[in-house]
Amino acid sequence: MISKVAIAGYRSLRKIVLPLGQLTVVTGGNGTGKSSIYRSLRLLADIADDRAIRSLAMEGGFESIRWAGPETISREMRSGDAPIQGTVRKGPVALQLGFQDDDLSYSIELGLPTNVMSLFSGDPEIKRELIWHGDKPSPSKIIADRRGPGIRARNDHHEMVQLETALPAYDSMVRHVSGPDAPWELAHLRKRLAGWRFYDHIRTDQDASARRPQIGTRTLSLSPTGEDVAAAVQTIHEIGDTEALNSAINKAFPGAQLGVVTEGGLFRLVMQQEGMLRPLGAAELSDGTLRFVLLATALLTPRPPPLMVLNEPESSLHSSLMPALAGLISRAAEDSQIIVVSHNRSLVTSLMGCDAELVELYKDTGETFAQTSETPTWSWPKR
């Protein structure tokens with residue numbers, strides 16, 4: 001389980017460390033940084049698939065996403081007694097992401113490129129990556145250390161040896177370093193990151209792919225687009241917890257049942273509702289009804305991920321569905337670590353009744369801070 005996540009230099013997240021539980025709710029007002037927390041977690045997951053730099057480019061590039069305020073904010077600036085202004089920079093411009101997972105900690109630092117002659121000069125470079133045991137990256141606890149193009153790692157004799165001398169600045173050691181000489185922790189971390197799942201505003205409009213029949217194969221986890229919902233529901237019916245799915249649907253929509261029919265080799269989702277003479281197809285369901293079905297299907301996956309992150313799952317749902325949604329999320333947290341990013345007070349209150357860890361964000365002088373049950377510590381490795 002991830003016990004803490006640390007972010008520095010990303011949008012309004014100048015420096016922040018968040019404690020995480022088995023079920024965590026991140027909430028706060030509009031513009032307080034909730035989406036930045038969600039995107040930071042996605043960037044960490046993207047490292048395992050070589051998508052982090054591309055994801056940053058899709059957000060407008062390194063210059064667009066990095067912290068736009070001064071390197072340090074004085075007490076006088078926060079009180080309004082002094083203007084907000086830049087100071088003499090003491091450290092390099094950087095985006096840093098890190099987390100502690102069980103006994104392993106990982107951090108990555110991206111910075112400004114050195115090859116300004118390239119057409120890809122807007123891409124940030126990986127300046128340093130580190131994997132270590134415990135809280136602080138002291139020399140005796142380091143497992144693998146990447147500085148620039150070079151990687152050193154601890155071998156079976158607990159000695160630090162050179163593994164790589166020419167790793168490109170755009171390649172992560174987590175993704176690209178493997179083999180008999182590489183520490184097993186690298187493969188473990190790569191597998192964990194690749195297994196994280198994210199659901200963010202799954203489309204339910206009339207043109208959404210979830211409303212159309214699709215080719216169906218056994219589907220152990222709902223795709224981020226929800227297009228394979230019929231196959232995912234049928235997979236739950238055959239090898240998953242059908243009783244839990246039926247109970248969730250019936251609790252949200254009394255008397256309703258989900259089914260799957262095939263037409264010309266395509267799978268189509270249908271819902272039999274109380275009082276209806278025929279089942280309704282996905283194309284006929286309301287946005288809120290379809291969204292709840294999609295969330296239930298994602299949360300009741302027969303193959304639970306190590307981490308699932310839901311960004312504003314309450315969108316287009318009626319307030320009466322929040323207790324049912326909270327119950328689904330709480331049940332999923334028995335098998336997966338769950339992070340819910342939400343501003344819906346009804347959902348937050350319902351989840352707090354399920355012993356969720358609460359992280360409430362607020363802003364001061366443009367910077368995001370968090371009110372939490374504890375203040376976790378984090379030590380960033382120096383470049």
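Modeller: Happy to! A term to settle before we start: a crossing is left-handed if the near helix is turned anticlockwise from the far one by less than a right angle, and right-handed if clockwise. Helices (H or I, at least four residues) and strands (E, at least two) are DSSP runs, numbered from the N terminus. This is a predicted model, where local features need pLDDT of at least 70 and side-chain atom pairs count only at pLDDT 80 or more, while totals for chains, interfaces and linings use all residues. Residues are numbered from 1 along each chain as its sequence is written, and side-chain values use heavy atoms, with hydrogens and water left out.

Colleague: Great. What is the handedness of the crossing of α9 and α10?

Modeller: The crossing of α9 and α10 is left-handed. Their axes come within 9 Å and cross at roughly 15°; axes are lines fitted to C-alpha atoms, for helices over the stretch in contact, and angles run from 0 to 180 degrees between N-to-C directions. That makes α9 and α10 roughly parallel (angles under 35 degrees count as roughly parallel, over 145 as roughly antiparallel, 65 to 115 as roughly perpendicular and the rest as oblique).

Colleague: And which residues of α9 and α10 meet?

Modeller: From α9, Phe292, Leu295, Ala296 and Leu299 meet Ala324, Leu325, Leu328, Ile329 and Ala332 of α10. Contact here means heavy atoms within 4.5 Å. By class, this contact of α9 with α10 has 9 nonpolar, no polar and no charged residues. In that count Ala, Val, Leu, Ile, Met, Phe, Trp, Tyr, Cys and Pro are nonpolar, Asp, Glu, Lys and Arg are charged, and the others, Gly among them, are polar.

Colleague: How do α7 and α8 pack?

Modeller: Their axes are 7 Å apart, at an angle of about 125°, so α7 and α8 are oblique to each other. Val233, Ile236 and His237 of α7 make the contact with Thr242, Leu245 and Asn246 of α8. The contact of α7 with α8 divides into 3 nonpolar, 3 polar and no charged residues.

Colleague: Staying with α7, which of its residues are buried?

Modeller: In α7 (residues 229–239), the buried ones are Val229, Ala230, Ala231, Ala232, Val233, Thr235 and Ile236. Buried means under 20% relative accessible area, exposed over 50%, partly exposed in between (1.4 Å probe, protein chains only). The cover over them includes α8, β12, β13 and α9.

Colleague: What does the side chain of threonine 235 reach?

Modeller: The backbone oxygen of alanine 231, at 2.7 Å. Threonine 235 has 5% relative accessibility, so it counts as buried. Leaving aside neighbours within four places in sequence, threonine 235 is in contact with residues including Thr217, Leu220 and Pro302.

Colleague: New topic: where is threonine 27?

Modeller: In strand β3, residues 23–28. Threonine 27 is buried because its relative accessibility is 0%. Its side chain reaches the backbone oxygen of serine 342 at 2.7 Å. Beyond neighbours within four places in sequence, the contacts of threonine 27 include Lys34, Arg345, Val348 and Leu361.

Colleague: Last one: is aspartate 228 buried or exposed?

Modeller: Aspartate 228 is buried, because its relative accessible area is 17%. Aspartate 228 sits in the loop between β11 and α7. Setting aside neighbours within four places in sequence, aspartate 228 is in contact with Thr219, Ser221, Leu222 and Ser223.

Note on methods:
A polar contact is a pair of N or O atoms within 3.5 Å; within protein, one must be able to donate a hydrogen and the other to accept it, and residues adjacent in sequence count only if both atoms are side-chain atoms.
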